[in-house]
Every structure is written in structure tokens, then in C-alpha cells.
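Hello,

Here is the structure you asked for. My notes on what turned up in it follow below.

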Amino acid sequence: MPSPAPGAGSLPAAPGGALEDLRASVGLQIADETLLRAIAAGLADVEKLLREVVRSDVQAVNDAALHLVEAGGKRFRPLFTLLSAQFGPKQDDHVVIAAAAVELVHLATLYHDDVMDEADMRRGAESVNARWDNTIAILTGDFLFAHASRLVADLGTDAARIIAETFGELVTGQMRETVGPGPGDDAVAHYLTVIAQKTGSLIATSGRFGGMMSGAAEEHIEALRRFGDIIGTAFQISDDIIDIASPSDELGKAQGTDLREGVRTLPMLYALADPDTDPRLIELLSGPIADDVLVQEALELLRASSGLERARVTLSDYAQRARAELAALPASPARDACESVADYLVARTH
């Protein structure tokens, strides 16, 4: 990514529609015009690279790999990589490569998640497993993991080790979720560990890569890693709340997916722990719910339960912890932008 020029007139034009979509999806608030245009240009470079690296001469592979890339999405991981790079003196192609790599890893996990969840929608479009089949979806996810590894290999041995460790965290988190808490384990603590590994770990790596590739100070790289880990967990808690509180047309996917799969998210776990929870809700949460009418009944009971409010309190705590990590970074428009995301995660759930 080219370094931002000191004069606003020499900066690349920012695509207004893309920036508005970005603000809407992650609550990004950037008042500094120079930073805004630099991030917009960086994201455009990431999008171009994503499409280049996943193309294949095999038409079926090409179509399936491009399916989610072209569906768009928040692109929070590459965005955070680009923002984190603002804390170092270097702004070059390695930052863009790192940003594209973490997004490829994220997309690969989505292909696999849709198979496990038997989802038929993703980002407002038909999922790959629904459009083709589970085998194609799994192999496409593997294909994206391979290309992410190839990109990171160009960033050096430290980056390759970090992405390998991140792969391990992602898989371990999924295994923890699949197996569930053991006898005597605290269900809430188990769940928070799962989402820290499944979501927080890759966002932490995004921040770490941004700092590393830009030559940021070691203490700033570590602060970005910790912020990413916490804010990633907060994102998942926020999504869990919205999955219960918002209708399907706002989600871009079927509502109540976790209820259908028997996955207990944080609001559900808090509701189950409350002795005053409606017995009917406890009955409904005892296993997967296949019937649409029962899913709607469970959603209504969850909205009226204490679990939803307790999850909001936990989310606020995570957002506060994330903001505290940013205090270690120098004051700048990039730090302000990160703080705005933490604020947005809380605001979007009310």
C-alpha cells in the first residue's frame, strides 16, 4: 500500500459507497481525511488481491472460491490490519498482503462453518454448500487456506509461524464448541474461551500483522494484538445478541441458526443459569429446534429473559477492556477509529 502523501490533493479518491458500507457494518468513525483515504485505498488493493489469488483455471474451483469474495462482508480483519499499520513508519505491499491473507483465512472458516451449521444463506446470498454441496464447500475452504498460507510465506518465517498458530487456535476453538463443556466445567467460561479462539484469535493476528509489517514498536504490536483478541470476542457476543434481537432481513442470514443447531450462545447460557427463567424456554433450549414456529417461540422468550440483558452487560465489559488496551498506543486518528468500533459494538445491540 503506498504511503499517504502529506498533501490531500495527492491522495487517491475514496470510493464513497464503499466507505459508507464500511461505516455501517463496523461503526467505523474516521474524521481524519488523510487516514480515511489511505484506508480506502488499502482496502481497494486488498479486494483486488483477493480476487487475483483465488482465481483458478478449473471453472468449478474458480466459481466457488469467488462466491464469498464477491459477496462482500464487513472486511473487518483487513480493515484492522490496515489501521494497525498506521502505528508504524512503513506502509508497503506487505501490509496489503497480510490484510488479504487474514481475510482469506476468515472466508475459509465461513465455508467450513456453513457445512457444520447446514446454513443455506451467507451474507445475503446462497451459501456454497447450498448452491453446490458440502464437499465443494469444504474443499473450497481448504483451497482458501492454502492461498492464505502462500501469501503469508512471502512475509517471513515469523509471520508464517503466527498464522500456523492461529490456524491451531481456530481449529481448537471449533473442537471445543463441538465437544462442549466437560462435567463440572463452567458453561459461560467455556463459551467465552471458544469464541476467543474462533473469533478473537484471527482478529488479534490481524492487528499483530499490521503492526509487524509497518515496523511498529513491539509494545504497540502487543497492544494491538490484545485489543484484537478482546474486540474479536466482543464482536461475537454482539452478533449473538443481534441474532436474537434482530429480524432475519437485517441479519442477511436465517435467524436462530444457533437454536436450530443446538448451539448455546451467551444470552442462552445466562438465561439457563437464571432460576427465574421461564421453564418453557429451558425446555426449548434442551436441544436443537427444527420447527420454525418453535424457533420463533424460543426467540421471543429469550428476548424477554434476563439472559439478553446479562449478555449486553458482558459486552460492555469487553468493550471497556478493549478501549483500555488502546491507551498503550499513541494518540492518533487511527486510535480514535479503533475506539469508535468498540463503542459501536455496544450501541448496535440496543
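Glu325 is found in helix H16, which covers residues 306-326. This is a predicted model, and the values below are computed from it. Is Glu325 buried or exposed? Its relative accessibility is 18%, and because the cut-off for buried is under 20%, Glu325 counts as buried. Its side chain makes a polar contact of 2.6 Å with the side chain of Arg226. Arg226 is also among the residues that Glu325 touches once neighbours within four places in sequence are left aside; the others are Ala223, Phe227 and Ile230.

**The protein overall**

There are 17 helices and 2 strands in the protein. Of its 350 residues, 51% are buried. Among contacts with a separation of 6 or more, 75% are between residues 24 or more positions apart.

In soluble globular proteins, nonpolar side chains tend to be buried together. Here the largest nonpolar core has 95 residues, and Leu83 and Leu259 have the most contacts inside it. Helix H5 (residues 93-117) gives the most to this core, with 14 residues.

Which residues does Leu83 contact, leaving aside its neighbours within four places in sequence? They are Leu28, Leu35, Ile39, Ala334, Ala337 and Cys338. Two of these, Leu35 and Ile39, are listed among the buried residues of helix H2.

Leu259, for its part, is in contact with Gly287. Gly287 lies in the loop between helix H14 (279-284) and helix H15 (292-304). Gly262 is also in contact with Gly287.

**Helix H2**

Helix H2 runs over residues 33-53. At 1.5 Å a residue its 21 residues should span 30 Å, and the end C-alpha atoms are 30 Å apart, so the two values agree. At the start of H2, a side-chain oxygen of Asp32 comes to within 3.2 Å of the backbone nitrogen of Thr34.

The buried residues of H2 include Ala38, Ala41, Gly42, Val46, Leu49, Leu50 and Val53. An α-helix has 3.6 residues a turn, so residues three or four places apart point the same way. Leu36, Ala40 and Leu43 are also buried in H2.

Regards

How values were computed:
Residues numbered from 1 in each chain as written. Predicted model: local features only at pLDDT ≥ 70, side-chain atom pairs only at ≥ 80, totals over all residues. Heavy atoms only, no water. Helix = DSSP H or I, 4+ residues; strand = E, 2+ residues; numbered from the N terminus. Expected span 1.5 Å × (residues − 1). Buried < 20%, exposed > 50% of the residue type's maximum accessible area, 1.4 Å probe, protein only. Polar contact = N/O pair within 3.5 Å; in protein donor to acceptor, adjacent residues only side chain to side chain. Contact = heavy atoms within 4.5 Å. Core = buried A, V, L, I, M, F, W, Y, C linked by side-chain atoms within 4.5 Å.
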